[in-house]
Amino acid sequence: MKILTCPVNGPRPVSEFAYGGEVRPMPDGATCTDREWADYVFNRSGVPGVKIEWWYHIASGTWFYAERDTVADRVIRTWLPA
Amino acid sequence: MPYQLLRFAFASKHPEPRMFRTPERLKNAYDAVIIGAGGHGLASAYYLARDHGMTNVAVLERGYIGGGNTGRNTTIIRSNYLTPEGVAFYDQSVRLWQDLSQDFDLNLFYATRGHFTLAHTDSAVRTMRWRAEVNKHFGVDSELVGPDEVRKAAPQIDITCGGHAPILGALYHAPGAIARHDAVAWGYGRGADQRGVEIHQQTEVLGINVESGKVTGVRTTKGDIATPRVLSAVAGFTPRVTDMVGLRTPIYIHPLQAMVTEPMKPWLDPILVSGSLHVYVSQSARGELVMGASLDPYELHATRSTLDFVEGLAAHMLDMFPFLSNARVNRQWAGMADMTPDFAPIMGTTPVEGFYLDAGWGTWGFKATPVCGKTMSWTVANGRNHELIKGFNLSRFERYELTGEKGAASVGH
Amino acid sequence: MSSRLPPVTGEWIDRSRGVDFTFDGRAYRGCAGDTPASALWAADVHVLGRSFKYHRPRGVLSLANHDVNTMMQAGARLNLRADVEPLEQGMALTSVNTAGGASGDRLRILNALGGFLPVGFYYKAFHRPKALFPFWERVFRRMTGLGTLDFGAPHIRTPKRYDFCDVLVVGAGPAGLHAALAAGRAGAKVVLVDENARIGGSLGYQRGGSIEGFEMLRDLERDLADLPNVSVRPGTLAAGYYADHWIPLVDAQRMTKLRPRAVIVAGGAFEQPAVFRNNDAPGVMLASAAQRLLYRYAVKPMDKALVLTANADGYRAALDLMAHGVAIAAVADLRADGEPSALSMRVKQVGIPVLKSHCVLEAEAVGDRLVAATVCPTGADGKPDTASPQKFACDGLVMSVGWAPAAALLYQAGASMRYDTTTHQFVPERLPAGVFACGRVNGVYALDSRCEDGERAGTEAARHLGFDTPERSFSIAPERSPPSHPWPIVEHPAGKNFVDFDEDLHLRDFHNAAQEGFDNIELMKRYTTVGMGPSQGKHSNMNAIRVLARIRGVSPGEVGTTTARPFFHPVPLSHLAGRGFNVHRETPLHSRHDGLGAVWMQAGVWLRPEYYALPGKRKSEIVRDEARAVRDAVGLIDVGTLGKMELYGPDAGAFLERVYTAKFSGMKPGTTRYAVMLDESGVVIDDGVVARLSEQHFYFTTTTTGSTTVYRELQRWNAQWNLEVGIVNATGAFAAMNLAGPKARAVLRKLTSLDLSNEAFPYLALREADVAGVPARLMRVGFVGELGYEIHVPADRAARVWDALMEAGQDDGIRPFGVEAQRLLRLEKGHIIIGQDTDGLTQPDEAGLEWAVKVDKPFFVGKRSVEIVRKNGPRQKLVGFELDAIGASTAPRECHLVVRNGAIAGRVTSIAWSDTLGKHVGLAFVAPDMTELNSPFFIRADGGTMVQARVVPTPFYDAEGLRQKVVD
């Protein structure tokens with residue numbers, strides 16, 4: 001089983017984690033267009049590559065960032081949100 | 001013995017020609033280019049040639065014919081969907097399926113087995129009733145049945161599922177079927193090839209030329225092509241192709257895994273699906289139990305296998321069929337599923353003129369193969385969306401008009 | 001008669017323990033340590049099974065777990081590998097997929113019909129006429145499949161284990177043993193596994209008529225025994241390789257999931273059959289199989305053998321056979337120069353004729369037993385020269401023409417392999433970090449070299465992990481001659497030269513497949529099904545690659561290999577499933593409900609009482625009575641499955657305003673407010689009640705099924721927004737029960753000193769006080785539409801409060817009520833249930849929740865989407881409806897459709913017969929233009945009956961809410 005390193009709890013099997021998708025900046029709802037907002041809500045960058053993602057360590061309730069290669073399934077680094 | 005077999009014994013040489021040629025090189029220009037020689041791409045090519053007279057068509061495939069999700073899925077065919085758009089679309093597909101072997105003169109082993117979607121909770125029973133009602137409304141043969149009907153069709157099942165997930169009922173869909181998946185791609189490939197379509201295997205698309213919002217050509221590992229029309233039918237590779245034309249879509253890629261047992265004497269006639277236990281299972285013509293479960297939990301552009309998958313699926317299989325303890329799992333594999341937020345496909349025209357999308361097929365693409373070919377070929381030939389796929393256009397998201405099957409998928413409690 | 005030899009040094013059988021068994025109804029006696037195949041072969045039974053397609057007789061081929069044609073059935077055990085499974089006393093074995101047993105199989109007629117059944121024949125027939133296909137399908141389903149299931153077989157629950165080590169060594173042959181020793185001596189914690197019952201690999205049986213190798217094994221075993229940090233596990237299969245070195249080890253009892261820090265694959269190579277006509281006749285076997293029979297089971301494989309070879313191993317086999325009394329008719333060597341090593345001299349010395357540049361054209365069987373083999377010269381192009389064939393009488397033909405690496409684990413680990421033209425096999429080119437290979441799988445064959453290569457791999461693995469290792473360089477001598485022949489294949493016009501024994505594929509099938517366009521290895525695999533049988537191509541893939549390479553005029557390397565997926569050998573479902581744990585949650589009041597006769601239902605992961613059974617009463621009656629108790633007196637329901645969250649901090653109010661649609665900043669401590677949560681697309685995903693305990697402390701509930709995901713998402717927002725707030729999921733820490741009914745106050749008053757008067761504790765207020773001596777949070781909420789108190793108490797003291805309430809309510813007729821009655825009661829009030837009266841696409845305006853959505857706030861999750869969606873107006877509206885008088889049997893049910901002018905216009909989300917109201921009431925989604933009060937619409941009920949309903953306002957019951965507010 002894949003090992004993922006929680007910044008708080010160290011290396012743990014991936015079954016202890018939940019995936020939170022790619023980190024995407026939210027546009028300012030007050031100023032963006034409807035189309036920009038819909039793009040934020042629905043569209044994804046599905047292209048493979050190295051992405052920054054949300055991951056969640058379920059047992060400890062820790063959300064953190066992971067930089068991961070979505071082709072090789074290789075985690076480059078993980079860290080807590082500032 | 002069928003007469004078709006007699007000629008084999010009495011011919012001095014194997015009396016079968018090539019199913020598909022290997023073209024020497026790409027032409028400079030085609031009327032249309034189809035990316036992906038899976039079931040969908042080849043079906044689109046087949047109907048483009050057969051129904052629309054477009055034969056100056058190239059199908060480009062980075063691997064080999066039917067090597068993607070066409071050859072990796074668990075081959076279930078059904079039309080018991082929830083939304084009117086879905087039911088009408090898949091119903092048309094099932095009708096096409098039923099004559100496909102004769103169309104191709106190639107036996108796809110299309111076997112109507114009956115399909116049970118098991119309900120283990122009262123909320124699931126409600127959802128099954130909803131689907132049954134919508135199906136019946138459109139003339140699709142579906143019925144909410146009780147546990148006794150399940151027992152009648154699969155007498156060996158533990159109706160309590162190990163005591164913790166008793167089967168309260170099921171959506172029974174009599175036309176549910178399975179077919180030999182590879183042969184579907186071969187049949188469409190052969191038919192397209194016979195009508196003049198070129199299938200280029202081991203030919204990877206590197207880029208798509210777009211000028212002033214219009215498709216003008218395709219760049220490949222075997223050279224560049226001019227074409228005004230490109231149809232992308234590449235399932236798990238869709239984001240790579242849409243990226244080439246600068247198109248953003250909601251599609252995200254998760255692996256979907258499956259596994260198969262050693263052959264055993266046939267005993268399971270129907271196709272059984274349990275949402276609660278995350279199991280779908282049927283017995284193939286070879287006697288293997290073909291099994292799948294839910295999608296892998298995170299994005300990955302690879303077809304690696306995981307042990308957790310087989311462990312979980314095996315446990316749930318034994319809940320349903322405890323006597324399978326001694327049966328052995330022979331092989332597991334995976335495909336890359338192109339998921340959408342509303343569990344419905346993305347089909348038809350796009351903001352890029354001449355670029356057509358047949359994607360978002362997630363875990364349900366195989367059953368749609370014929371109707372996709374029909375509707376996408378019509379769409380490419382006519383430059384506008386076929387009536388049956390209007391609800392599946394990419395533009396539905398920015399209009400917040402999701403047509404999805406998600407409605408039922410997330411009915412909880 | 002018996003072919004059992006006198007005792008052989010190192011034999012695995014225990015002659016003192018006889019084992020009685022039957023095969024296809026006849027009784028036999030073997031020894032402990034035998035396999036069914038070895039015991040039967042010893043008893044001169046040579047037809048051990050039938051092939052899958054043509055039902056040809058098959059005997060021993062590999063004796064290495066690839067003999068799929070001799071799988072047997074033993075009671076409930078199906079597809080038992082007769083070549084490797086231990087023989088057990090009393091086993092009643094039958095052959096698989098035969099009509100009348102292995103020797104008399106009536107389906108052998110199919111062999112004569114082979115000409116009608118070329119590769120892919122089933123794609124070419126049976127579909128016309130279409131109506132006949134179901135008939136043919138039934139025929140196929142009778143013919144197909146191998147073993148038979150016993151539907152009465154028990155659910156086997158095996159325990160699983162987890163284990164960790166530094167280095168896993170897969171394969172305990174000479175290379176693996178040396179690897180384990182080297183890593184072990186460096187201080188690594190080593191696990192050494194081998195799928196065979198004993199370690200040693202080829203040292204045990206490829207002896208070349210000498211005892212040296214076997215003595216080396218004894219020494220190695222002694223050395224291993226001196227290393228306590230090396231755990232040796234025979235009978236253990238490394239079934240696959242998964243990410244980050246996660247390896248399932250499968251033995252007879254269980255699966256152990258091992259996490260080594262490094263993996264050494266020393267799994268050796270599979271000996272490959274030669275392809276010639278009738279190469280499947282019983283008596284034709286791999287040289288290694290004959291040697292296994294000799295040295296493991298002390299069985300004489302044949303009386304007279306022809307040896308077909310292309311490497312040194314064939315010469316060793318000839319010497320081994322000769323040493324145990326087998327006459328050798330000849331050694332036919334495919335190579336023009338023959339064997340370069342001293343072995344060739346040794347073979348000559350013992351009088352064995354050697355025919356260089358010779359192949360076997362054909363084997364001949366009479367009565368299912370090999371009787372002769374025809375040998376002829378072969379040219380450099382691999383074509384037989386059939387001008388002057390020589391026929392040798394023999395009852396055995398041993399093949400030693402090459403090997404294919406057992407590289408499945410390496411492929412799964414992501415190794416890249418290249419075709420090596422000096423050894424004629426695929427060898428690792430690039431290995432992933434922490435993965436090592438040695439021995440035959442690495443293309444190393446000479447015994448000394450394998451030992452050296454093993455030591456190298458063990459040392460490198462230990463060094464990789466940071467252990468101190470001796471500074472030494474390793475030099476592996478190149479092989480003197482290729483261990484594998486590049487073309488061990490002889491065409492024969494009459495065919496039956498098998499490439500894949502599992503699937504009964506002969507050479508012509510591959511040519512035909514290529515002719516039809518399946519000339520890519522993956523397409524060829526799919527069309528011919530080569531390698532798709534239970535042995536997964538272990539003895540067929542390499543030859544298939546060679547055949548295709550020659551057809552296409554390219555090298556095997558250019559053809560490439562197919563993907564090697566788990567499992568290495570098939571693994572029982574029982575081992576994979578383990579104990580089959582299923583998680584469910586119980587509230588702290590579970591035992592109380594059980595005592596009261598609760599009928600359980602699943603609500604997400606929770607179990608909840610649907611209702612409380614009473615003898616002689618039907619469910620519908622009980623539910624009605626439970627509801628009536630709430631309306632008329634007082635009822636008590638466990639609502640502890642609701643998600644329960646604590647929120648602390650100066651920004652707690654601001655946080656809630658961002659995640660829920662309502663406003664909370666202005667809430668006064670001691671009050672509660674209904675709260676709706678949307679997702680970013682503006683879809684309703686959850687609801688609950690928010691209570692403010694103090695300025696900086698909120699307590700709120702979520703739906704039962706939503707609690708985990710809501711908590712998770714709230715934490716994520718919190719991680720992003722950096723507000724000064726902390727969230728605690730207190731779902732399990734608190735129990736909750738709702739005491740409701742006109743007499744609720746009277747009951748509660750007995751257990752608390754809190755002032756329960758309307759002035760002191762009004763509707764929608766929150767109070768903290770002791771109830772039955774337990775500190776409690778009390779909320780006056782009205783989900784069921786009566787005077788009610790939702791009482792939250794610490795989980796560990798919940799039963800005390802429940803008991804006290806039940807006792808205090810006894811005089812007032814208190815009744816526990818379940819989910820079913822609660823659903824009815826809330827429906828009478830028109831309260832929606834998220835997930836039942838909404839679905840995965842429901843927007844708040846559609847569900848009548850406009851009032852709870854405060855778009856004048858600067859931000860909340862989903863706000864912008866709500867604004868966009870509102871421009872188009874709702875697609876549907878949830879309305880209350882009632883049926884005009886109607887019998888319960890024809891009433892619609894939940895999810896029946898609203899139909900207008902023949903089109904779907906909505907659906908019923910909730911419906912129930914209300915005894916209180918004397919009619920059916922319900923909620924339904926309808927088209928936006930169908931919401932006018934009192935307008936009729938139609939619902940299609942069971943059997944297609946159209947039932948008329950009318951839109952009515954909600955609540956259906958107590959529209960002003962006087963009963964829950966209570967004016968006293």
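**Entry 1**

I began with an open sheet of three strands in chain B, ordered E3-E8-E4 and paired antiparallel. I take strands (E, at least two residues) and helices (H or I, at least four) as DSSP runs, numbered from the N terminus. Two strands pair if DSSP finds at least two bridges between them. Strand E3 (76–77) and strand E4 (111–112) of chain B stand at the edges with a single partner strand each, so one side of each has no neighbour in the sheet.

I note that the model is predicted: local features need pLDDT of at least 70, side-chain atom pairs count only at pLDDT 80 or more, and totals for chains, interfaces and linings use all residues. Residues are numbered from 1 along each chain as its sequence is written, while chains are lettered from A and ligands numbered from 1 in the order in which they are written.

I then looked up the pairing of E3(B) with strand E8 (residues 177–178) of chain B, and found two bridges in the antiparallel sense. Ile77(B) has Ala177(B) in E8(B) as its bridge partner.

**Entry 2: domains of chain B**

Domain 1 of chain B covers 21–72 + 182–251 + 342–409, and domain 2 covers 115–174 + 252–339. These bounds come from an automatic or database domain assignment. I read 30 Å between the C-alpha centres of the two domains. In their contact, 14 residues of domain 1 of chain B meet 14 residues of domain 2 of chain B. Contact requires C-beta atoms, placed from the backbone, within 7 Å. On the domain 1 side I find six nonpolar, seven polar and one charged residues. Ala, Val, Leu, Ile, Met, Phe, Trp, Tyr, Cys and Pro count as nonpolar; Asp, Glu, Lys and Arg as charged; the others, Gly among them, as polar.

**Entry 3: chain B against chain A**

Here chain B contributes 21 residues and chain A 15 residues. On the chain B side, helix H7 (238–244), strand E14 (252–261) and helix H8 (307–320) each supply at least two residues. H7(B) gives the largest share, three residues. By class, I find 13 nonpolar, two polar and six charged residues on this side.

**Entry 4: parallel sheet, chain C**

I turned to an open sheet of five strands in chain C, with parallel pairing and the order E15-E22-E16-E17-E18. Strand E15 (284–286) and strand E18 (354–356) of chain C are the edges, each with a single partner strand, so one side of each is left without a neighbour in the sheet. Strand E17 (residues 327–333) of chain C runs parallel to E18(C), joined by three bridges. Val331(C) has Val354(C) as its bridge partner in E18(C).

Methods. Two residues are in contact if their C-beta atoms, placed from the backbone, lie within 7 Å.
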